[in-house]
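Hi,

Here is the structure I promised to pass on.

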Amino acid sequence: MRLNNLWTTNARQLGTFFGLLLLIVFFWIWTPYFLTISNLLNIAQQTTINAIIAVGLTFVIITAGIDLSVGSIMAFSGVVLASLLKADQPLIVALIGGVLTGGLCGLVNGTLISYGKLPPFIATLGMMSVARGAALLYTDGRPISGFSADFRFISNGEILHIPVPVLLMVLIYFIAHFILTRTKLGRYTYAIGGNELATMLSGVNVKMIKTVVYTLGGMLSGFAAILLTSRLNSAQPIAGIMYELDAIAAAVIGGTSLVGGEGKLSGTLIGALIMGVLRNGLNLLGVSSFIQQIVIGSVIICAVLIDMSLRKNKS
Amino acid sequence: MKNIALLFVAVTFLLIAEGCRRSEKLDDNKPTIALVLKTLNNPYFIDMQNGAEAAAKRFNVNIIVQAADREVDVEKQMQIIENLIQMRVNVICVAPSGSQEIVPAILKANEADIPIIAIDTRVDKNVLLESGGEVLSFIGSDNKDGGKLAGQFIVNELGKSGNVAILEGIPGHETGDARLAGFYEVANKSENIKVVVSQTANWERDQGYNVMQNILQAHPEIEAVFACNDMMALGAVEAISAANRTGEIIVVGFDAISDCRAAIKAEEMHASIAQHPEAMGRLAVEYALKVINGESIPDEIPVGIELITKENL
């Protein structure tokens, strides 16, 4: 009975998970380098940045919104973080500074959307350009490089043989999952996406919730910036171009509906892993980057097509 | 609906399978050399790929050529290197997307005992030293010398005085910075050559067009343009032609790709600096093979550079 329940409530996520397994088997057959512990950790690590940004996107998309600015916000947060590190600020101050920069950009997004009544597409499209410009202006277009070993530990370190970024990603997913499923904020997020007007009429402060959701998205971009900057030992103002699309793709492959009201973080994580596995596997096979792009695009379309046909069957 | 979905799934898997079939079959008995380029949407790097592949065939070794979708995507380049480490290739030759950002990836390869050879773009020496990484050799041209050649050409053409515009590459790229430094070294010597405007067009053709169009609006007095690569120069050529000023403005690019040679022949453009990407690709394979055979190789392998004009096409 419980198993049956698990299946019905998570059918979409299990379907995606099955897709992931299929891919893994596929690459396992085709290349001997794929299914090794070190390569699996490698994939997990390569997935972290996209997966973390996608958490924010999942929240935003569940409210029936969209955020196109996350890549630019990540770049801006990254250069602010890097400049704080270079100014010999304590590590914790720099980290908080980076996350807050992202949060501030997200707050502006949320305010414009909730109180300025701008469509999310427009507000975040504007922010995409503003944050990118701010990052370029702040650094004069140049990367900021070379940080302390403490800071490098965030991406290089291992605890119990598991890379720190992977642990951080898991931690973020646990916290975000808790927020989304066990708190008022989470329930209101779904409610807004399901029916914004009804949610508002039942006394929920919709504007505030939406602002919080976009701010959260910005903060997660800031967090991803920490990992990226530590990984490359450098913060680039041109980092993260098109990362928003990867994150949207991860959420959508994972079953988050762009119409709003539906989606799970477990699905998003699997979606991000599918993209990571595809890139890694095609790399190991030596497939040209042109074909890789076609394949990844097709997978996104496939996922949504299947999703839609399943929904139709249900209704 | 369901049928369309199934059809699409089938097509996608066929695509993946086709991709796998087309991927180079690696022979386990031969050594494998990996060539990681900045991008494969620039003819310059495609020439490099061709040079390397031809050499690999001649020396009977496996070659894997990979690149990120976008030239600036250092993180993707790092992922590619991580994945190549998983494949335990024998040598990795890399054209770094970022001189400093590539260092962590190099460290990972060092840790896995896979030798690294840098091609085309140097790895930042200070960052490398600080982090204790090792790059066996650099195969490439001296970009600063190329910048000087370009500067000298413009100075000669303009005579004693003139207004010059510059299209820069992505700021912070060693390649572009060195070309600019070389250019300024020559240009600053002749007092009446004035650089009126210097803007980035991020190495790209369409941006070269737009930026040049804006420059022509703001500074119609421009007499010469130095673009830090040919893609931007070709964009500038289009913009100049759209403004009906073809031939009035001297355009000098860098790389001497085939489109640009054609433009020089058609007198739309005046000069470019030839690097020899095929030679770089070929030398990368040759020296990688020496490394595999346990021979030591020099830490600098210069590849010649020359000024290409209508006279020596």
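This is a predicted model: local features need pLDDT of at least 70, side-chain atom pairs count only at pLDDT 80 or more; totals for chains, interfaces and linings use all residues.

Residues are numbered from 1 along each chain as its sequence is written, and chains are lettered from A and ligands numbered from 1 in the order in which they are written.

Let's start where the chains meet. Chain A puts 42 residues into the contact and chain B puts in 42 residues (two residues are in contact if their C-beta atoms, placed from the backbone, lie within 7 Å). On the chain A side, helix 3 (37–62), helix 11 (206–232), helix 13 (265–284) and helix 14 (289–314) each supply at least two residues. Helix 14 of chain A gives the most, with 14 residues. Helices here are DSSP runs of H or I with at least four residues, strands are E runs of at least two, and both are numbered from the N terminus. By class, that side of chain A has 20 nonpolar, 17 polar and five charged residues (Ala, Val, Leu, Ile, Met, Phe, Trp, Tyr, Cys and Pro count as nonpolar, Asp, Glu, Lys and Arg as charged, and the others, Gly among them, as polar).

Now the core. The largest nonpolar core has 191 residues, and Ile53(A), Ile92(B), Cys93(B), Ala236(B) and Ala284(B) touch the most other members. Such a core is a set of buried Ala, Val, Leu, Ile, Met, Phe, Trp, Tyr and Cys residues joined through C-beta atoms within 7 Å; buried means 20 or more other C-beta atoms within 10 Å of the residue's own, exposed means 12 or fewer, and partly exposed is in between, with C-beta atoms placed from the backbone. Helix 11 of chain A brings the largest share of this core, 13 residues. Domain 1 (2–140 + 278–302) and domain 2 (143–274) of chain B both give residues to the core, so it lies between them. Those bounds come from an automatic or database domain assignment, and the C-alpha centres of the two domains of chain B lie 31 Å apart.

Leaving aside neighbours within four places in sequence, Ile53(A) is in contact with Val70(A), Met74(A), Leu220(A), Ser221(A), Ala224(A), Tyr243(A) and Ala247(A). Tyr243(A) and Ala247(A) are among the buried residues of helix 12 of chain A. Ten of the eleven residues of this helix (residues 243–253) are buried, so helix 12 of chain A is largely enclosed by the rest of the structure.

Ile92(B) sits in strand 3 (residues 91–94) of chain B, where Ile92(B) and Val94(B) point one way, Val91(B) and Cys93(B) the other, and all are buried. Its bridge partner on one strand is Ala34(B), and Ile92(B) stands opposite Ile116(B) in strand 4 of chain B. Strand 3 of chain B runs parallel to strand 1 (residues 32–37) of chain B, with four bridges, and parallel to strand 4 (residues 116–119) of chain B, with three bridges (strands pair if DSSP finds at least two bridges between them).

Cheers
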